[in-house]
Amino acid sequence: MNACANASLDVAQLVYLYDGTLEGMLTAVFEAFSRKEQPLNIVEEQHLQQSLLYSYIPIATDLNKAERVKNGISTTLGNARYESIKQVFLSDDDKKGGVISDYLLYTMRKGRRSCSHLAHPAVAAFEDIQKQVGWEAHYMLMFVRFAQLESGVFFSRITPKASVVPLIMGHFADRFNVQPFIIYDDAHGLAGVFDTEQWWLVDARDITVPGQTEAEDEFQFLWQTFFDTIAIAERCNPTCQRNFMPKRFWGNMCEQIPPQLRNRRPKAVTPTEAAQIAARQLPAAI
């Protein structure tokens, strides 16, 4: 699309398309600055659902432009604010592209102090998504469960509402630094791998996970027994339990398998799989 055509578009209806990478997002922000446009949203092209109400402009990723935006953010707003941009980018919110763009278009012009202007819609929307991603990462720190696979590696499957594996790998690598482990994000096809020295991220779509060891089954049985023993039946409050332990995490927590299902489950079904079955059979979470 040429410059004349761009000038004729209603800027309130512009939607930029990018390749889904952080560099692609930053390139789109660079183009918004250089073209003096304020796109309604910046959407990953692969997941686009087109509408006749919007005008779509593909933005090709340019590493040099992305680096210039990164340096500009760090210089004008500070390195901590760039880390905040990266955190918001991990969100699953469909509007995150437009939120990041609006936030940078406002704060880069107003300066570092504008980052605290919570009454401004662009800043408020940005802070809201950042908090959501932060809470999701916090949930993962509490509810991640590891199981030892036949290969000896400890494995955890999670299904978060944001791609938070990059945010939590450092935490677990510091605390479990003597054993290799994998945290697999089933919702985003991403895995964090730690080999006792360093960790990295890998594309993990359509992977096959080996079975867990018999010793792991025994450990999970012991944990279930402890969980049941300390419970007080007369004070059972499922609503309160769901508030502190959202039911969407139960499928990866062996202690949430009802006792009657544990006794009946075939040996081929792992405690995690049994918990997933149990979660589907219970009423919807609150």
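Why is helix H5 largely enclosed by the rest of the structure? In this predicted model, helix H5 spans residues 96–110, and 11 of its 15 residues are buried, so the helix is largely enclosed by the rest of the structure. The buried positions are Lys-96, Gly-97, Gly-98, Val-99, Ile-100, Ser-101, Tyr-103, Leu-104, Leu-105, Tyr-106 and Thr-107. The surroundings of the helix include both strands and helices: the buried residues of H5 pack against strands S1 and S2, and also against H2, helix H3 (63–76), helix H4 (79–89) and helix H6 (121–143). From its first C-alpha to its last, H5 reaches 21 Å, close to the 21 Å expected at 1.5 Å a residue. The residue that follows H5 is Gly-111, with a positive phi near 100 degrees.

Two of the partners of H5, namely S1 and S2, belong to an open sheet of three strands with parallel pairing, arranged in the order S2-S1-S3. Strand S2 (41–44) and strand S3 (55–58) form the edges of this sheet, each pairing on one side only. The average twist from one strand to the next is 30 degrees. Strand S1, residues 14–18, pairs with S3 in the parallel sense over four bridges, and four bridges also join S1 to S2, again in a parallel arrangement. Individual residues illustrate both pairings.

Strand S1 is itself largely enclosed by the rest of the structure, because five of its five residues are buried. In a regular strand the side chains alternate between the two faces of the sheet. In S1, Leu-14, Tyr-16 and Tyr-18 point one way, while Val-15 and Leu-17 point the other way. The residues of both groups are all buried. Helix H2, formed by residues 22–35, lies across S1, S2 and S3 and runs at about 145 degrees to S1.

The helices H4 and H6, both of which pack against buried residues of H5, also pack against each other. On the H4 side, the contact involves Arg-81, Ser-84, Ile-85, Gln-87 and Val-88. These residues meet Phe-126, Glu-127, Ile-129, Gln-130, Val-133 and Gly-134 in H6. By class, the contact of H4 with H6 comprises five nonpolar, four polar and two charged residues.

A further open sheet contains five strands, in the order S4-S5-S6-S7-S8. The pairing within this sheet is mixed, in contrast to the parallel pairing of the three-stranded sheet. Its edge strands are strand S4 (147–148) and strand S8 (199–203), each of which pairs on one side only. Strand S4 runs antiparallel to strand S5, residues 154–158, and two bridges join the pair. In this pairing, Gln-148 has Phe-154 of S5 as its bridge partner.

Notes. Residues numbered from 1 in each chain as written. Predicted model: local features only at pLDDT ≥ 70, side-chain atom pairs only at ≥ 80, totals over all residues. Heavy atoms only, no water. Pairing = 2+ DSSP bridges. Axes fitted to C-alpha atoms, helices over the stretch in contact; angles between N-to-C directions. Contact = heavy atoms within 4.5 Å. Expected span 1.5 Å × (residues − 1). Buried < 20%, exposed > 50% of the residue type's maximum accessible area, 1.4 Å probe, protein only. Nonpolar A, V, L, I, M, F, W, Y, C, P; charged D, E, K, R; others polar.
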